[in-house]
Protein chains: 2
Amino acid sequence: MTQSPHPTTKPPLLPPSDPSLAPFFAPRGVAVIGASQDPTKLGYGLARNLVQSNFQGAVHFVNPKGGSLLGQPIYTSVSLAPDPIDLAILLIPAPFVPQALYECGQRGLRAAIIGSGGFRETGTAGAALETECLRIAHAYSIRLIGPNCIGLLDTHLPMDATFLSPPGPLPGDVAFISHSGAICAAVIDWARGHSFGLSRLVSLGNQADVSETDVLASVAADPFTRVLNLYIEGINNGQRFVEQASLISRHKPIIALKVGRFASGQRAVASHTGALAGQESAYNAAFRRAGVIRAETSEEMFDWARALAWCPPPRGKAIAVLTDAGGPGVTAADALEAGGMHLAELSEATQAALQELLPPAASLHNPVDMLASASPEQYAQSLRILLDDPGVDGAMVILPPPPMYTAGAVAKAVIPVIHNAEKPVVIALMGERLIQEAVEHFRAAHVPEYRFPERAASALAVLAQRAEYLSRAGSQPSRCEVDASQAQVILQPYLDALEAQSGETPAKPPASSLLSADAARQLLAAYGIPAPVIELARSAQEAAELASQIGWPVALKLASPDFTHKSDVNGVLLNLQDEAALRRSFTQMVESTRQAYPQSEILGAYVQPMQPAGQDLILGAVQDAQFGPLVMFGSGGIEVEGLRDVAFALAPMTEEEAEYLLNNTWAGRKLRGFRSLAAADRAAVRQALLGLSQLAADFPKLAEIEINPLRAFTERQGVMAIDIRARLGKAFSS
Amino acid sequence: MTQSPHPTTKPPLLPPSDPSLAPFFAPRGVAVIGASQDPTKLGYGLARNLVQSNFQGAVHFVNPKGGSLLGQPIYTSVSLAPDPIDLAILLIPAPFVPQALYECGQRGLRAAIIGSGGFRETGTAGAALETECLRIAHAYSIRLIGPNCIGLLDTHLPMDATFLSPPGPLPGDVAFISHSGAICAAVIDWARGHSFGLSRLVSLGNQADVSETDVLASVAADPFTRVLNLYIEGINNGQRFVEQASLISRHKPIIALKVGRFASGQRAVASHTGALAGQESAYNAAFRRAGVIRAETSEEMFDWARALAWCPPPRGKAIAVLTDAGGPGVTAADALEAGGMHLAELSEATQAALQELLPPAASLHNPVDMLASASPEQYAQSLRILLDDPGVDGAMVILPPPPMYTAGAVAKAVIPVIHNAEKPVVIALMGERLIQEAVEHFRAAHVPEYRFPERAASALAVLAQRAEYLSRAGSQPSRCEVDASQAQVILQPYLDALEAQSGETPAKPPASSLLSADAARQLLAAYGIPAPVIELARSAQEAAELASQIGWPVALKLASPDFTHKSDVNGVLLNLQDEAALRRSFTQMVESTRQAYPQSEILGAYVQPMQPAGQDLILGAVQDAQFGPLVMFGSGGIEVEGLRDVAFALAPMTEEEAEYLLNNTWAGRKLRGFRSLAAADRAAVRQALLGLSQLAADFPKLAEIEINPLRAFTERQGVMAIDIRARLGKAFSS
């Protein structure tokens, strides 16, 4: 027996499904309100699909016109339809929906899908109608899906509660949850055309009540669902999403296609962190935390879903490529490397076994090229040999239209080998017509096949990403030794001031919400991040006195709540060696800025002791309205915005996330030293990151805090937060 | 009449086809040597394809066994087959090929395709056979395609001279030239399965004689070919490829899928430029120069080919999106922005016209969402309105399976609008079965359709890239005022030394091939790039004397041919203010290095005046064995290798290419100033780039030259080449 590469404790159980959503997924009976005899109406399509999908529960039709449909009576009101009914589906014009929903409530129904459009998506009148529906739903404890959606379906129950033209999807193991009904329609049609099965599909529409996060647990609880695919345009409660998704993704992979990334507007912020922490940074950090795999295109989402549903995760990234021609092998090698995988080095035993099997001119190195004469049996035996090599973590089999044999025969020969392997195998089946039989064999056998090696390589890379996630999932956020009560004392006056101002809606954040330089310094100190003494001088005389106490040389920094980036207005003067230089600098800095910006509030200048040289970094945190505290790490100075050498993680961070930020930025990598650049105190930087992350998590009212630069000295010499900017206030909407 | 956005002069004519290749593409008669009665043999497949493809020329079969095939006699030797024969196709075991080729030469044939494998690809014995074939071919002036290829075909002639299983591809307007026969087989089958037509296909195999570059002009000359697709694993004569491709791409787009990028090994080089100028940098620079569009995947190549063959290039990057549902519109907007395009801002007139046409709840902003009820007529009229807006450069029409109408009806309605437009329109046709009729209409009408908005957006981006290329194509390399004869004088002693050493194969480059610091300085000066005085001191005493002449403060730099990166061994000491510091530094640097590296040659140290501060850049040039002189520009210091903030262009450069390097690196962008960073003398940097580029082009023996750093001072203050490394020798094989 082989040892598991991921000897973690058993993952927590799947989160419990919300019992109030049960009627959507297992109704004893369904009422179609707006069922129609007119085949061009959606109310006809839904009635037809419910009946034709072989749904085993009761189906009742409701329409004030009465009559009959598909051999059943049409009741003129839902109140007249017999038991059992657990779910109502409304396909009537929007203005009539509130009354119908009221009748459902009276009838005792607790779940409804509003398929009709004409609500919030059409403007204010529609929004009012939607609010009215929600009010009625709340009054009767009805859970609502929609409005403006195409419904839902379950291929295993079975139940097709959509109004789309048949045929619906085949039974399968991938669920699809979508904010867009049109995408659902396209996906169902595309999946059917590719014999790709779905388990459940939920179209959420306007999400007046039930959201993508609400249904996650219910869909994951379906034993037939092995992978959850999400098409989302945004998430309302990001923290709850992360919580739910984290629990689910330990058991079942979640893939998200998140669109709308370029739609987010700009927002007024006081820090680099705020400016760079856009919607996408927060989503990426949240998805990484929750083990949600982010797809860039719809095709990727379904390519990856097949591999994740059908293949075990690999133990490593060494891949064997088996081919009968050189060109596709080269393409595959390129694509594997581009995806972070590499070609496995084959053992001597493997090469010897292949040599015995294959013609002398075959290439026994990886990619293994069996030549065009390769028989189905050679494909199968070579694949078995490769998968038996302990240095091989997975395989790609490339099958162009074979000149001598049929691709179908090769498929039949290799499928048993793949089924017996505990390693992932994907197929690059190149061509179209000559490979159709093979496509069908592989699909039936649940072996993922792709038309080109590039897409097959991408699927292997996602399997490796999944394995990597499973190995780190479940690690707990790091807790540092901090003095939270001291931090509370420092922040209290600012929190009080903020409280006093609440109710106002100022165009710019109130000045008092910005922490004084000294308060910011003390706040960081409470969380274990050292910062040099900094004192406010209101006059050149005060500055000179402070400098004498602190010790020469000193730095002088403009003290004003009105300038976000002091260096933009020459508000930082370094390395002042004596009193004459200091006095001259003070006068120049404070006076010239007062003259240039007469409207600004200039308090004076801060005096700070100069620090030894080191590597300068930026560390920051903001409160994201959706995902909560979010930490940024990267290159300081002008590089931060010029190069965008930054990375983000949700706070509080795990040790692994701190390492991820350090390893995925140039700022972090060069802490280990690079050519003539000496190594810096990387451990102290990591500790500062964890401390800042915990501070942001402990104080949700700390809207932004940024250290720029955090200077890292040589090894074991620690770090200093040289410039700090901290502001209390509201979270940022992303 | 609208004015052309690219008022350039008429492009040069297509390059002439090589007359010796004419028999491949328009033979009066073909002899199949190895024609077989056995349907499992390739020699049967080829005979069958030639006959069944309705080739109008003579077809003769040759096989020593004689007999008859497909109603025709089989001659026992090519010498017995009657006229006309212009082309022989050999499908016989490799050992018999030389004799058959000899008989072809005797028979007066001047063109042959060797389909058989068993040559260079199988090892040394096969390579010897291949060499023998080439010797015979040269002796009889026979041009050879192959060996180890699947042949060629022309769907318009028509002629199918491949041995692949039928059916062959449909007639079309995209040619395919491939180094891999398996990829040809896959592409033909895939294209047939997607009703995608090809014009010509050439499988090149081992390229014993005819290469991809040789056939470019012949394929481009085909009037039916509108786009050339290349699958290539490498290019032997890069400079000739660039020359040919540049001429062709002015008329017909070329798309290349270049694989094997991760196969290139490491090489020993003495500069950052050499280390970073890998194969891929050279290919990318060459493709950009030649207007060759580089695809990353096979799917991209054919997605793009359709758009390029069928759509006019857009005038700009403002795209209108027309949809009947919100979700796909958001996806499209994301994908367009990601591809460098943007959503067009619609004029008031356009919005008013749409308002009149569409229901009140429709979204009249871009993406225009007509809602699910959109009729074919509304699709067509809305599209016409959008294309009439002068602010719209192109359009994407999104068509999920429409709930009320058929996708086929929408296709029929919009096709005439698209045909009448002078702007590109691509279709995102979402789904599979419900859209099949629409797929067929669009394909027949030559309107590119894609299954997902992401791929449609990618096609529009490539059309914009093509338009951008056409606007810059044909610009001539910039010529600077230089003193080439002075440079020749400086280099002559080194060239002489190199000559004297030729024949030796030293493990490391001979010391004498490295230019002295002063020679390097003078060389750059001859090409208009200023560098500070630099003088070699052999002793501390000499250093002190030189510093007094040059003026304090000075920098001291280790003088040794053995250390590529001086700073790695503390070989650079800056800002030495007086004689005591200088003497101390000299002793320390020279002595400690001598002690640490007793095998190294340490000449002493260079003394150089200190320079004012500025922005530090790296400029370098190497001679690439395939593409010739190649220039690099980017961030200097440790960032060059840490961040890889570099870009490459072939030398000599055009002004446009110099701008491209400046605009596509952070080093170049920040020359204009960034926040507190002052602007630098960008014009002087560009001039230095052009000068270096010309130097590398003028002296092919200058193997590497690197300026690191080139310091750019504030505006109008010029640049200084602070550290220069130059070496003569052989070009680098990439």
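## Helix 10 against helix 16 in chain B

A crossing of two helices is called left-handed if the near helix is turned anticlockwise from the far one by less than a right angle, and right-handed if it is turned clockwise. With that in hand, look at chain B of this predicted model: helix 10 passes helix 16 of chain B in a right-handed crossing. Helix 10 covers residues 298–310 and helix 16 covers residues 453–472, and their axes lie 9 Å apart at an angle of about 60°. That makes helix 10 of chain B oblique to helix 16 of chain B.

Who does the touching? On the helix 10 side you'll find Glu299(B), Asp303(B), Trp304(B), Ala307(B) and Leu308(B), while helix 16 of chain B brings Arg455(B), Ser458(B), Ala459(B), Val462(B), Leu463(B) and Arg466(B). Sorted by class, this contact of helix 10 with helix 16 in chain B has six nonpolar, one polar and four charged residues.

## Helix 6 against helix 7 in chain B

Now for another pair in chain B. Helix 6 (residues 212–220) packs with helix 7 (residues 238–249) at an angle of about 10°, and the axes are 9 Å apart. That makes helix 6 of chain B roughly parallel to helix 7 of chain B. The crossing of helix 6 with helix 7 in chain B is left-handed.

Helix 6 of chain B puts Thr213(B), Asp214(B), Leu216(B), Ala217(B) and Ala220(B) up against Arg240(B), Phe241(B), Gln244(B), Ala245(B) and Ile248(B) of helix 7 of chain B. Between helix 6 and helix 7 of chain B, the contact residues split into six nonpolar, two polar and two charged.

## Helix 7 against helix 9 in chain A

Over in chain A, helix 7 (residues 238–249) and helix 9 (residues 279–290) pack at about 35°, with 8 Å between their axes. Here Phe241(A), Val242(A), Ala245(A), Ser246(A) and Ser249(A) from helix 7 of chain A meet Ala286(A), Phe287(A), Arg289(A) and Ala290(A) from helix 9 of chain A. The class count for helix 7 with helix 9 in chain A is six nonpolar, two polar and one charged.

## Where the two chains meet

How many residues of chain B are in contact with chain A? There are 62, and they touch 62 residues of chain A. Chain B and chain A bury about 5,400 Å² between them, with 65% of it on carbon and sulfur atoms. Asp189(B), Ile638(B) and Arg675(B) supply 12% of the area that chain B buries against chain A, more than any other three residues.

Two salt bridges are found across the interface of chain B and chain A. The side chains of Glu299(B) and Arg455(A) form a salt bridge, at 2.6 Å from N to O.

## A salt bridge inside chain A

Over all chains, the count comes to 67 salt bridges. One to look up is Arg306(A) with Glu449(A), whose closest N and O atoms are 3.3 Å apart. This pair links distant parts of the chain, 143 residues apart: Arg306(A) sits in helix 10 (residues 298–310) of chain A and Glu449(A) in strand 20 (residues 449–450) of chain A.

## Backbone details in the loops

Chain A also has some backbone details to spot. Gly146(A) and Pro147(A) are joined by a cis peptide bond, omega being about -5°, and Pro147(A) is in the loop between strand 7 (143–145) and strand 8 (151–154) of chain A. The peptide bond from Trp552(A) to Pro553(A) is cis too, with omega near -15°. Pro553(A) is in the loop between helix 19 (540–550) and strand 22 (554–559) of chain A.

Leu371(A) has phi near 80°, a positive value in a residue other than glycine. Look for Leu371(A) in the loop between strand 17 (368–369) and helix 13 (376–388) of chain A.

Definitions and conventions: Residues numbered from 1 in each chain as written. Chains lettered and ligands numbered in written order. Predicted model: local features only at pLDDT ≥ 70, side-chain atom pairs only at ≥ 80, totals over all residues. Heavy atoms only, no water. Axes fitted to C-alpha atoms, helices over the stretch in contact; angles between N-to-C directions. Helix = DSSP H or I, 4+ residues; strand = E, 2+ residues; numbered from the N terminus. Parallel < 35°, antiparallel > 145°, perpendicular 65-115°, else oblique. Contact = heavy atoms within 4.5 Å. Nonpolar A, V, L, I, M, F, W, Y, C, P; charged D, E, K, R; others polar. Buried area = accessible area lost by both parts, 1.4 Å probe. Salt bridge = Lys/Arg side-chain N within 4 Å of Asp/Glu carboxyl O.
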